[in-house]
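Here is a short report to read beside the sequence and the 3D view. Please keep both open as you go.

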Amino acid sequence: MTSIEQYKGQETAFGVNDKGYYGKFGGAYIPEMLYPNVEELQQNYLQIIHQTDFQEEFQDLLKNYVGRPTPLYYATRLSEKYKTNVYLKREDLCHTGAHKVNNTIGQILLAKRLGKHKIVAETGAGQHGVATATVCALMGLECIVYMGEIDIQRQAPNVARMKMLGAEVRPATSGSKTLKDATNEALRHWINNPVDTHYIIGSVVGPHPYPDMVARFQSVISEEIRSQLLEKIGKENPDYVIACVGGGSNAAGAFYHFLDEPEVKLIAAEAGGHGIHSGLSAATTFLGKPGVLHGSKSILMQTEDGQVVEPHSISAGLDYPGIGPLHAHLWDSGRAKFYAITDDESIEAGFELTKLEGIIPAIESAHALSVLKYLNAGVNETVVVNLSGRGDKDLATYMKYL
Amino acid sequence: MNRITKLFQTKLHSVLNLYFTAGYPTLNDTMPILEALQEAGADIAEIGMPYSDPVADGETIQQSNQVALDNGMSLKVLFEQLAGMRQKVQIPVILMGYINPVIQFGIENFCQKCQEVGVDGLILPDLPMEEYYEEYKPVFEKYGLLNIFLITPQTTEARIRRIDEISDGFIYMVSSASVTGKTSGISPEMEAYFNRVNAMNLKNPRLIGFGIKDHETFTKASEYAAGAIIGSQFIRVLQSASDIKTDVVEYIKSVKIG
């Protein structure tokens, strides 16, 4: 088996700076129409997040509504197969079926404190849309979700869930009709409704402070991994943490408390699609170069002329031509290692987990599982795979391979 | 002297700026539209550099961007088309577009090309103000390019003053919180905002954009600023034009005279 991978040098310092940059990446490249909203967030997000009453409400909802802490499960048969020790962080057991709800809970509490009473969001696979519609129902706020027309077709169950939860699902019909275009439409909606609306971005993308804010709300994942590992193996640090990266919110959460622990190897699985040289891929770090999309400077799949390329992945949640600026920095600095996992490899890994452990993973998460075969981790080493979501939404796709 | 600066030295009322997308409706329409604009008496021509993800634009301009890209428009092609521009066109020319294609072209290279063909100013809506001030301003100035900033009804007084301080040419006053092509007409709230900005005694003149489409809205906007910018409506005119020159001249006439 040939490993498709890339790896650069090594360095430290991974927090966002006061201008919203991670190394060379980040910032807030937004039209003036969005400036007041984004600035309001920049000025207030840290202060609000650190308030005692915010933390009490946030922690209470994570525990009693989301069902946290999620288990850190020792996957015995998977470990036997790969001759190492594999732990699965079961974000798939979160209410709504994926890690996305950690962020939407945090952001809706923030939106309420900013006096916003309408919510707009974008969604790819529909997991973030469902998580947003869910917290809007919970808090009684109006919810509009933009979703690419193609994604609406391939993720029908999630569209139905959003509708039942009271959200209005609006199709994004421009461009590739997927996540990128849904994000454009959500940004336009926010430009048109700047005063009463909060935009809940679902990933660690967008203008500063979104990447940092979303990473903080998702950081509960690595916080729990550390305390759970301490309990299970007597130390907080695993040897490897693996997560899939579309925009990169589950990876940001799974990596967060390990960023400054150089002994922990951080592994990101991108969507290789039909293969990185096939012209049908979403493997951003392999195919992209620095550029600006959706309000931040990051790595971006684009033509020589700087037009954004339409990506391809079997998984709607990874079908995005960029990555968050934190991940661009982790790649650029060599702190994280990136793999490109093809559509077929991810399906294979999804079936493998199902057969060995009785867990049907989201196809997004299956990309992370697929890295196990390239890892060659030792028998005494500990590998944590972030199982970011469950595969119910993907059954129609899986069935085609049965 | 920069043609924008020169224009506002002699004309501070009813200045008409027309936006169109380069390479639309067909690839080689850029120069004919530019020449028609001059002939029709437009004061400023604003050429859109098409982009795959124009987030500040509504459907009309989005579609014109997509058509232009499908037609094969790029910055390289645009500069080729504009190469002999100054032999034919004397009115100020502004390039408007999103920052990513400019970054990929290379900032310095881009500015140098702008100067070579005779571009006077730039509107880059997603280039942050402080980023411009720290990194781009010296390069823009080296090549004689004015950077035009947008303000909206939500822009604070302090920020408007900062924009006025660090830019020259004019300030693009967005009439309401909106993407392009969404609004129509001028409301009392807009008038209050225009009056508020006028009372600030800024050094730069303002042009009002978004929602301007005909003689009535142009005349009204001109009461509150040095003039106005028409974008989406002009794209619609171009979309249905049977003869570019005739239709452009006729439309501009209808805006100016009624």
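D57(B) sits in the loop that runs between β2 (44-49) and α3 of chain B. Helices (H or I, at least four residues) and strands (E, at least two) are DSSP runs, numbered from the N terminus. This is a predicted model: local features need pLDDT of at least 70, side-chain atom pairs count only at pLDDT 80 or more, and totals for chains, interfaces and linings use all residues. Residues are numbered from 1 along each chain as its sequence is written, while chains are lettered from A and ligands numbered from 1 in the order in which they are written.

Is D57(B) buried or exposed? D57(B) is buried, because 28 other C-beta atoms lie within 10 Å. The cut-offs are these: buried means 20 or more other C-beta atoms within 10 Å of the residue's own, exposed means 12 or fewer, and partly exposed is in between, with C-beta atoms placed from the backbone. Leaving out residues up to four places away in sequence, D57(B) touches Q62(B), V179(B) and T180(B). Contact means that the C-beta atoms, placed from the backbone, lie within 7 Å. K11(B) is 46 residues from D57(B) along the chain, and their C-alpha atoms are 29 Å apart.

## Helix α7 of chain B

Helix α7 of chain B covers residues 107-117, and its buried residues include F110(B), C111(B), K113(B) and C114(B). These four lie on the same side of α7(B) because they cover an arc of only 160° around the axis. The arc is that of the directions from the helix axis to the C-beta atoms. An α-helix has 3.6 residues a turn, so residues three or four places apart point the same way.

E108(B) and N109(B), on the other side of α7(B), are exposed. The cover over the buried residues of α7(B) includes α4 (75-81), β3 (93-97), α6 and α8 (129-142) of chain B. G118(B) follows α7(B) and has a positive phi, near 100°.

## Chain B as a whole

Chain B has 13 helices and nine strands. Its C-alpha trace spans about 45 × 45 × 35 Å along the principal axes.

Of the 258 residues of chain B, 54% count as buried. Take the contacts in chain B between residues at least 6 apart in sequence: 77% join residues at least 24 apart.

## Where chain B meets chain A

Chain B brings 29 residues into contact with 26 residues of chain A. On the chain B side, α3 (59-70), α6 (99-105) and β6 (150-151) each supply at least two residues. α6(B) gives the most, six residues.

## Chain A: domains and confidence

Chain A is assigned domain 1 (5-10 + 67-98 + 219-400) and domain 2 (30-62 + 100-213). These bounds come from an automatic or database domain assignment. The domain centres, taken over C-alpha atoms, are 22 Å apart. Domain 1 of chain A gives 32 residues to the contact, and domain 2 of chain A gives 33.

The mean pLDDT of chain A is 95, and 97% of its residues reach 70 or more. pLDDT is the predictor's confidence in each residue, from 0 to 100. Over residues 7-12 of chain A, pLDDT stays under 50.

Note on methods:
Contact = placed C-beta atoms within 7 Å.
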